[in-house]
Amino acid sequence: MSPLLWLFSFLFALPRIASAQCPDFSTFSEEIHDPVSAGKYQLSYQRPVTACHTFNSSDVEKTIQDMKKLVKDPDLFRLFENAFPNTLDTTVTWKGYAANSTEELTFITTGDIVAMWLRDSANQMRSYKSLLKADDAPNSLASLFRGAINLQARYVIQNPYCNAFQAPVESGLPPGSNGYAATDQVKPPFNTSFVFECKYELDSISAFLQLSHDYYDKTQDSEFFGRYSWVDAITTILDVAEGLLVGTYADDGSVNESPYTFQRTSNSATETLANTGAGNPVKGGTGLVRSAFRPSDDSTIYQLFIPANMQFSSYLGKCAAIMEAHDAALAQRMSDFACSVRNGIETHGKVQHAVFGEIYAYEIDGFGSSNLMDDANVPSLLSAPILDYLDASDETYQNTRKFVLSTWNPYYMHGPALNGTGGPHVGPGKAWPMSIITSLLTSDDDEEIVAGLQMLVSSTAGLGLIHESVDTFDAFEWTRQWFSWANGLFGEMLLGLRDRKPHLLETSFQ
């Protein structure tokens, strides 16, 4: 490594100031800090001082100041001011270079858990996609994206069935302890010094594809993807996904060996898999890729999980365009696979609902059984347009959307505090603000959007951050004070309104 690169790596690895002077955001985010917003909700200010930010971006700061002129409601602006920069303020836990290399690395944690989830970190970075541009500087958003892609590629190549990972050895950070996973029995095995948790989720490897596309889409930097291990990571993903097309039974009736099994000692059914860790039986030949777990980290009931297959098909196809410059044959393999999965979704993933007509199922098994529900976590059925899988005007999607946002969805929570989807991860009665944000990202209806913004502004318990879930009857009962993905998604949504419905930013919520 050159002396200059070493210096940049060293500087990024240093704390901004002595850690004793910077607050623990787990505690900080549970407290009210002045100045509170001038509106009736008096929302706390939740940004650490600049010296304690884990990454600083002038583009992000300028965007916040620009939005201050556009967002007229003081509480709505305070929520944006706190939420949009939350990943950069608090969760870029380490940024540097691979050992003896110019390869940038970015370790992004979820917030209150010091580990890097492939899904969360990809979505945390997506919050800043609208500001992303080609830039070689090591203090740029582009560098942050490149580092996240490179580190995710390392994770995927070594443990493609896993969802969450420890800090890279170059960071000097010790591996975190995951007590929940202490008794896990997983095939293939993994090393806890490298892996934090190993739940196989199709959306995790799809998130790597999404992150790659997001960077390329805004920078057109095709050369970057040929420098390090991105091509090898894609090959690994294809091999793993193709192996998970197999059904439970062979044609002669014998049981196929599952390439992945997972068992955990738990009193929650969603934390482990049936049938000695293989999950419920799946029929082969559908063209759909199995997923043992959902983006909530809960186990699937039926492993042909439609939202993750949508995400996989969408971004695998888009990443084929990146691969063209590096390996044309591999690009064709990617494109063909993406089309095959899309055909499987459209052929097998739709059902007739007695009230809503043709809708997408949440999960199917290929034998004829389907699970009709939706969960707040993305990918979800509600999020299909923001996965770039289809247009929000699609008739089947619109039917599905009406189903998801109704009491026919068993995980649609409603009450006087807020209305939205939840899921088994925290249970009935808890709506996830993330689902409300997703509904606004996929809506063109001004009344729906204003109503959703009102719920979001009024349900932070005065803390001014987006929580994981909120009791639909009591906004002061919530889970997870520090959930950066949801905060970033809120910022992304409000910036989207700036571009497509700027008049709504003048709405008062007083």
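## Cavities

On a 1 Å grid over the protein atoms alone, a cavity is a set of points where a 1.4 Å probe fits but cannot get out, and a lining residue has an atom within 4 Å of a point. Grid points are joined across faces, edges and corners, and a volume is the space filled by probe spheres set on the points. The model examined here is predicted: local features need pLDDT of at least 70, side-chain atom pairs count only at pLDDT 80 or more, and totals for chains, interfaces and linings use all residues. Residues are numbered from 1 along each chain as its sequence is written, and side-chain values use heavy atoms, with hydrogens and water left out.

Searching the whole structure gives two cavities of 30 Å³ or more. The largest cavity has a volume of about 60 Å³, and its lining consists of Asn123, Arg126, Gln210, Val378, Ile386, Leu387, Trp485, Leu489 and Glu492. Helices (H or I, at least four residues) and strands (E, at least two) are DSSP runs, numbered from the N terminus. Both α6 and α16 supply at least two residues of this lining, and α16 gives the most, with three. In the classification used, Ala, Val, Leu, Ile, Met, Phe, Trp, Tyr, Cys and Pro count as nonpolar, Asp, Glu, Lys and Arg as charged, and the others, Gly among them, as polar.

A pocket is an open set of grid points with protein on both sides within 12 Å along at least five of seven lines. The second largest pocket holds about 590 Å³ of space. Its lining has 28 residues, and Ile113, Tyr180, Glu271, Asp297 and His425 lie nearest its centre. Helix α6 (118-126) and strand β6 (195-197) each supply at least two residues of the lining. By class, nine lining residues are nonpolar, nine are polar and 10 are charged.

## Helix α16

Buried means under 20% relative accessible area, exposed over 50%, and partly exposed in between (1.4 Å probe, protein chains only). In α16, 12 of the 17 residues are buried, including Trp485, Leu489, Phe490, Met493 and Leu497. The buried residues of α16 pack against α3 (58-70), α4 (74-83), α5 (86-90), α6, α14 (433-441) and α15 (446-457).

A disulfide is a pair of cysteine sulfur atoms within 2.5 Å, and the structure holds two. In one, the sulfur atoms of cysteine 22 and cysteine 52 are 2.1 Å apart; the link is left-handed, with -90° about the S-S bond. Cysteine 22 lies in the loop between α1 (3-13) and α2 (25-28) and cysteine 52 in the loop between α2 and α3, so the bond ties together parts that are 30 residues apart in sequence. Cysteine 52 is buried, at 10% relative accessible area.

The sulfur atoms of cysteine 162 and cysteine 198 are also joined in a disulfide, 2.1 Å apart, and this link is left-handed, with -80° about the S-S bond. Cysteine 162 lies in the loop between α7 (141-158) and β4 (164-165) and cysteine 198 in the loop between β6 and α8 (202-219), so the pair ties together parts that are 36 residues apart in sequence. Cysteine 162 and cysteine 198 are both buried. With bonded cysteines counted along the chain, the pattern is 1-2, 3-4. The sulfur of cysteine 319 is 14 Å from the closest cysteine sulfur, in cysteine 339, too far for a bond. Cysteine 339 is in no disulfide. Cysteine 319 is buried, at 0% relative accessibility, whereas cysteine 339 is exposed, at 52%.

## Methionine 310

Methionine 310 belongs to helix α11 (residues 306-323) and is buried, with a relative accessible area of 0%. Contact means heavy atoms within 4.5 Å. Leaving aside residues up to four places away in sequence, methionine 310 touches Ile345, Tyr360, Ala384, Leu387 and Tyr389. Methionine 310 and glutamine 65 are 245 residues apart in sequence and 36 Å apart in space, C-alpha to C-alpha.
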